Amino acid sequence: MTPLQLTILALIILGLPIAVISARLSRGYYRYLAMIFVAVIMLLPFAWLFCAVIKDKDILNAYTFLPPFRDWSKTTLNLNNFRDLLQPHATMQGPVSFWRYILNSLFLASASTTITLFFSSLSGYALAKFRFPGQRLIMTFMLASMTIPGVVLLAPNFETIYHLGWMDTYKSLLVPGAVSVFGVFLFRQAFLPVPDEIIEAGRIDGCSEFRIYLTLVLPLVRPMIGAFCLIAFLGSWNSFIAPNVFLQSQDKLTLPVILNQYVGEYQQQYGVFLAGTLLAILPPAILFFALQREFISGLTTGAVKQ
Amino acid sequence: MSASAFSHKPHTGRQAASATSRRSFPLTPYLFLTPYFLLTIVFFLYPLFYATILSFYQTNGPTRKVFVGLANFRFILSDPDFHIALRNTLLYTILSVTTQVPVALALALLLNARRDKLKSFFRLAVFAPNLVGSIFVGILFSVLFVPRYGLVNRTLQSLTHHGLLIAWLNEPSLIMPALLLASLWMYVGFNMIYFLAALQSIDASLIEAARIDGATPIKVFWHVTLPSIRPVTTFVVVMGTIGSLQLFELPYAMLRGFGPKNAALTIVGYLYQYAFQSGDLGTGAAVGWILTLLILGASLLQLRFLNRGQS
């Protein structure tokens, strides 16, 4: 237990001074120093990862980051790790290239995001802009259902998926999660302030209820759409247990599943699976940069308001 | 379900007459909620009910099962592996929540400045690890913690001239600290965002008034800032606990399994092992219920305790 206690002590020793210093010197240079210190710590693993994958495997362990500039050459810094990673691997389903897994993950995450966005916002709209019998009951039930951990459903859902004949298909991943209760609440929150007059105007113009939702109301909550797209995309992109359990063919696997396999396969040659990890964290990062503003405001919507 | 399933005939004349025209479409909200109802019945209510039944059966894959009564629960509760999993999970939960909350709050205080150009960059840097999935973080840290060559040990060595050979992931007693460090790196930005939002919603005049009355910064923090962000603190603590109790992917990827002496075995890892590696869905379902009760108990306890002082 001693190393453990040491860690805790170290964390408290690290955290408390930052709090005190920042409270005291709200305009001082120490604040910037502390910020830079924290940012460096947080970004260091990314920098290390980037350096590790462009180093040749012969010098991987020779330097913590990159070799000194005078030693830079094709034999020290190259893309061999990516070449090894991307070349087709023999599997039960024939040779499969790493590109395939990237495409699988991209397809699944985009499809899942689109489906979840549509159904969750539709449910959220119904709860925000209509009064109907049973509404309170449905919302209470939804809130209660959020406290049940997903893993308790995993074993019985495995049987359901098996009997539906959905094993080893993307349906097993896309359909059960098509409505996210969390998303329903986010969208309900976002739809509440939309003026009823817009909906009334749509009705007077003879729009169907569905068209009012799709073409009049939905475009008004674009920040929430951005935030939710990122949340849903990350959820699907990074999910491991469900794809690992439901998918069997090697050529259908997703990035987290295949990289977890590669770790065992490549053992000490870690430049290769680290290259895969780097490729796997790029798409969410790109999406995050595109949607950053919406994301942070969407994330904290329900939490801060009373 | 296709979009056309929802399209209605236009009811032009009718709703123009009534002022509260929402009431003239009693079916629409139910139609819009139909996908939710269907999916909830098939993939939530039914499995929840079925998990209860399944937990009384011994199963072998999805097709063969025998009724065994409470034997699954008796087995789990007396299994030394489950005790290890329970101990690891509870220890991780307590330690990660108690380290995450103060560090996240400290970072939020650090970044909480109005009109600060560098702020968004730092916020981004601290939040960035959260975009990386647990499996990827696990893979990355499995290499960062390698003795002799890993970044962690090299940093320790260059700062203290010790620690180059620490085998974080081979030494059972060091696995939990390694796990806590990795999860702190991964989640602290997420929690910080919530504290930051809470700090920015505090009425600035409140703090100004306290300062004018001669309160020291520490007193202002203790008597004004902390009480004001209390709801968010509760939220972060409860969400952190719920998430921590379900820990699995991070240690599973970091240790390429459950580690020496099962030092990285968690409750969900135990469930995963039984349900999907041994094909015993019954035991898996029983563990799932035990975990659910644990989460419900912990959340209720925390909500009661954290909301007690608030009138």
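At what angle do H4(A) and helix H8 (residues 181-191) of chain A pack, and how far apart are their axes? Before the answer, a word on what is being looked at. This is a predicted model, in which local features need pLDDT of at least 70, side-chain atom pairs count only at pLDDT 80 or more, and totals for chains, interfaces and linings use all residues. Residues are numbered from 1 along each chain as its sequence is written, with chains lettered from A and ligands numbered from 1 in the order in which they are written.

As for the helix pair, H4(A) and H8(A) pack at about 50°, and their axes are 7 Å apart. Axes here are lines fitted to C-alpha atoms, for helices over the stretch in contact, and angles run from 0 to 180 degrees between N-to-C directions. H4(A) is therefore oblique to H8(A); angles under 35 degrees count as roughly parallel, over 145 as roughly antiparallel, 65 to 115 as roughly perpendicular and the rest as oblique. On the H4(A) side the contact includes A:Thr116, A:Ser120 and A:Gly124, while A:Val184, A:Phe187 and A:Arg188 are among the residues from H8(A). Contact means C-beta atoms, placed from the backbone, within 7 Å. By class, the contact of H4(A) with H8(A) has six nonpolar, six polar and two charged residues. In this scheme Ala, Val, Leu, Ile, Met, Phe, Trp, Tyr, Cys and Pro are nonpolar, Asp, Glu, Lys and Arg are charged, and the others, Gly among them, are polar.

H4(A) (residues 98-129) also holds A:Ile102. A:Ile102 counts as partly exposed because it has 19 C-beta neighbours inside 10 Å; buried takes 20 or more other C-beta atoms within 10 Å, exposed 12 or fewer, and partly exposed lies in between, with C-beta atoms placed from the backbone. Leaving aside neighbours within four places in sequence, A:Ile102 is in contact with A:Leu255 and A:Leu279. A:Thr254 is 152 residues from A:Ile102 in sequence, yet 7.2 Å from it in space, C-alpha to C-alpha. Across chain A, residues 24 or more positions apart account for 71% of the contacts with a separation of 6 or more. Chain A has 15 helices and two strands (DSSP runs numbered from the N terminus: helices H or I, at least four residues; strands E, at least two). Of its 306 residues, 40% count as buried.

Now for chain B. In chain B, 92 residues are in contact with 85 residues of chain A. Helix H2 (residues 28-54) of chain B gives the largest share of the side that touches chain A, 16 residues. That side of chain B divides into 72 nonpolar, 16 polar and four charged residues.

Phi is positive at about 55° for B:Lys261 and near 55° for B:Asn262, and neither is a glycine. Most residues other than glycine have a negative phi. B:Lys261 is exposed, with 12 other C-beta atoms within 10 Å, whereas B:Asn262 is buried, with 20.

On confidence, the model scores ipTM 0.87 and pTM 0.87. Chain B averages a pLDDT (the predictor's confidence in each residue, from 0 to 100) of 84, and 88% of its residues score at least 70. Over residues 1-23 of chain B the pLDDT is below 50.

How values were computed: Contact = placed C-beta atoms within 7 Å.
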